Amino acid sequence: FSKQSQQMPFAVVEPLLKLVAKHDEQWALDLLQEMLDRGMFLSEGLCGLVLSRCGEARHLLLAEAVQKYLRDRKMTSLATYKTLMKVYATCDLLDRACNLYDDIVADGIAPDNVMCGCLVKFAVKAGREDLSEKLYKVVSDKPHGDVQNYMWLIRSAGQKRDVKRAVQLLRQLQASKSTALDAAVYNCVLDVCMNNGDTAEAEKIFEEMRKGKLVTLVTYNTLMKGYCAKGEFPRARRLIDAMKEVGLTPDSASFNCLISAAVSTGSFE
């Protein structure tokens, strides 16, 4: 195709933009600008398709130009924001993805569970405590929150060494009677407790899991890692026997943790 697209009708320029959006960012930018100069209307569907092509090709400048077009005309939607968020995530620009939240709210768009989940995950990975705090309020206000969103918020609480919040999130999930509340959620809270040295709270969580028959190998390894970190080798060693009593087989992570702790504490018996 020639790059001389002046005076081409919309029926030709539109598919051309779709094509070059994935292969030649500068050409696509020039074509987009020409379309705007000629007063052509770009539908939300067309913009969404171009944004998705930008994600595949990592064309940030084009994606942001399309986003500007949408925002200037108050045409943004949940779908277009989700697509732009994917573009940023593909390019490992999680901070920019997090920054979209304020624009989403300003545009009067309510994030759904899927978007909240992505934002919570990005906020935790990018260390954006400000956004984590905002999303904590959004997610916790939902009567039936998504379990994966809660797990990312629990991890965020762990980063902030906030054991109390991690446990509170677990209690909120319990109160919602979520059918997806399984061992993975409990283990996530357990990990926060042990990583932050709160063995007393961890043991309460463990007892709940034991009574609910939710303990797994990960549960025991998480406890063991915490005990070893505090230099409590005998307690960590006893967990090997406890695992076997409930029919679980210690794995390499279990023994590596014990060996490391034994060397650190000089416990070679």
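Asp 92 is exposed, with a relative accessible area of 62%, where exposed stands for over 50%, buried for under 20% and partly exposed for what lies in between, with a 1.4 Å probe and protein chains only. The place of Asp 92 is in the loop between α5 (78-90) and α6 (94-106), the helices being DSSP runs of H or I of at least four residues and strands runs of E of at least two, numbered from the N terminus. Phi of Asp 92 is near 60°, a positive value in a residue other than glycine. Most residues other than glycine have a negative phi. Arg 58 also has a phi near 60°, again positive in a residue that is not glycine, and Arg 58 sits in the loop between α3 (44-57) and α4 (60-72). With a relative accessible area of 48%, Arg 58 is partly exposed.

The model is predicted, so that local features need pLDDT of at least 70 and side-chain atom pairs count only at pLDDT 80 or more, whereas totals for chains, interfaces and linings use all residues. Residues are numbered from 1 along each chain as its sequence is written, and side-chain values use heavy atoms, with hydrogens and water left out.

Taken as a whole, the protein has 15 helices and zero strands. Its radius of gyration is 25 Å, while a compact globule of 269 residues would have one near 18 Å; the radius is taken over C-alpha atoms, and the globule rule is 2.2 Å times the number of residues to the power 0.38. Along the principal axes, the C-alpha atoms fill a box of roughly 85 × 40 × 30 Å. Of the 269 residues, 45% count as buried. Among contacts between residues at least 6 apart in sequence, 63% join residues at least 24 apart, a contact being heavy atoms within 4.5 Å.

The interior can be followed through individual residues. Leu 131, in helix α8 (residues 129-140), is buried with a relative accessible area of 2%. Leaving aside neighbours within four places in sequence, Leu 131 is in contact with Cys 98, Tyr 101, Leu 119 and Ala 123. Thr 222 belongs to helix α13 (residues 217-229) and is buried, with a relative accessible area of 7%. Beyond its neighbours within four places in sequence, Thr 222 is in contact with Leu 190, Asp 191 and Met 194.

The loop between α12 (199-211) and α13 holds Lys 213, which is exposed, with a relative accessible area of 77%. Lys 213 and Val 246 are 33 residues apart in sequence, and their C-alpha atoms are 9.9 Å apart in space.

The cysteines remain to be considered. A search of the whole structure finds zero disulfides, a disulfide being a pair of cysteine sulfur atoms within 2.5 Å. What keeps Cys 91 from a bond with Cys 54 is distance, because the sulfur of Cys 91 is 9.3 Å from that of Cys 54, the closest cysteine sulfur, and this is too far. Cys 91 is buried, with a relative accessible area of 14%. Likewise, the sulfur of Cys 193 is 10 Å from the closest cysteine sulfur, in Cys 188, which is too far for a bond, and Cys 193 counts as buried at 0% relative accessibility.
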